Amino acid sequence: MTQAATATKERKFIDKLHNENTDFPNKRMARNLANSLESLSSDIFTEYIRFLFELIQNADDAEARNVAIRVLPEHIVIAHDGKAFTEADVEAICSIGEGTKKADSTKTGYKGIGFKSVFGKSKHVAVFTDGFQFKFTDTFRHPSFAETKMPWQIIPVWAEREEYPDAAFDLPGGTEWHVITVIALKSTGQLNTDLEELIGNGEFLLFLRALEKITVAGSRPMEIERVRGKGTEAYDEVTIKKDGQVTSQWIPTPSGTSP
């Protein structure tokens, strides 16, 4: 039996998107789109750490309670236990400006645009979610335009777990990780310091809706947690903890989305 005959519906869907997003009538159109995506990824999202915040925000929009971040020598892994990707979500990150969250006032960002920030820092990103497993890589070459710059950031290619370190999937137990994003980087040494600056005091959790805990594994592990509790009859309290120790306490506004 051929590989095509045994392909899962998820792989068929990825292959369909791949074929649609590589169907260019000429080199010029492919090159123009590639330049536009390069500008979007690099020029708009200029902060080095921005892509991590965008992925954490996407996890919160997916109603995740837990996020795990693992820092490896040449990869960083971000996983969450929120809703897995649907076909519409996969289409959203394989497109430009067609996010699934535009009309939803309960969502903070746009899956399609925010995800693009990662391509300003990485040339190889893989996503594993509910049967879908695909990557975006600048090593992709079009069979007809081999030397032409491609908009690889919207061209999904089927991926296998064996292509990545085993440690990329060695995540904290007791949680079902529904979306795992593996990002290749030339060096991740600076990331430990950047993560401390981004989430070290935990206060950014106050501005998210669902997320309660972020666990970081690597050479500088840490755990940031938001705990909701009863203060008095007049108000509730939100406690921020780092590695089990209370770092701050807050009284939310009536909306419950900011301090």
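Colleague: What makes strand S2 (residues 75-80) mostly covered?

Modeller: Six of the six residues of S2 are buried, where buried means under 20% relative accessible area, exposed over 50% and partly exposed in between (1.4 Å probe, protein chains only). A strand here is a DSSP run of E with at least two residues, numbered from the N terminus. This is a predicted model, in which local features need pLDDT of at least 70, side-chain atom pairs count only at pLDDT 80 or more, and totals for chains, interfaces and linings use all residues. Residues are numbered from 1 along each chain as its sequence is written, and side-chain values use heavy atoms, with hydrogens and water left out.

Colleague: Which residues show that both faces of S2 are covered?

Modeller: His 75, Val 77 and Ala 79 are buried on one side, and Ile 76, Ile 78 and His 80 are buried on the other. In a regular strand the side chains alternate between the two faces of the sheet.

Colleague: How many bridges join S1 to S2, and how many join S2 to S6?

Modeller: Strands pair if DSSP finds at least two bridges between them. Five bridges join strand S1 (residues 66-71) to S2, and six join S2 to S6; therefore both count as pairs. Each pair runs antiparallel. His 80 is the bridge partner of Val 67, and its own partner in S6 is Val 179. A hairpin of three residues links S1 to S2.

Colleague: Why is Asp 166 called exposed?

Modeller: Asp 166 has a relative accessible area of 71%, so the residue lies over the 50% cut-off. Asp 166 is found in the loop between strand S5 (157-158) and strand S6 (179-184).

Key: Helix = DSSP H or I, 4+ residues; strand = E, 2+ residues; numbered from the N terminus.
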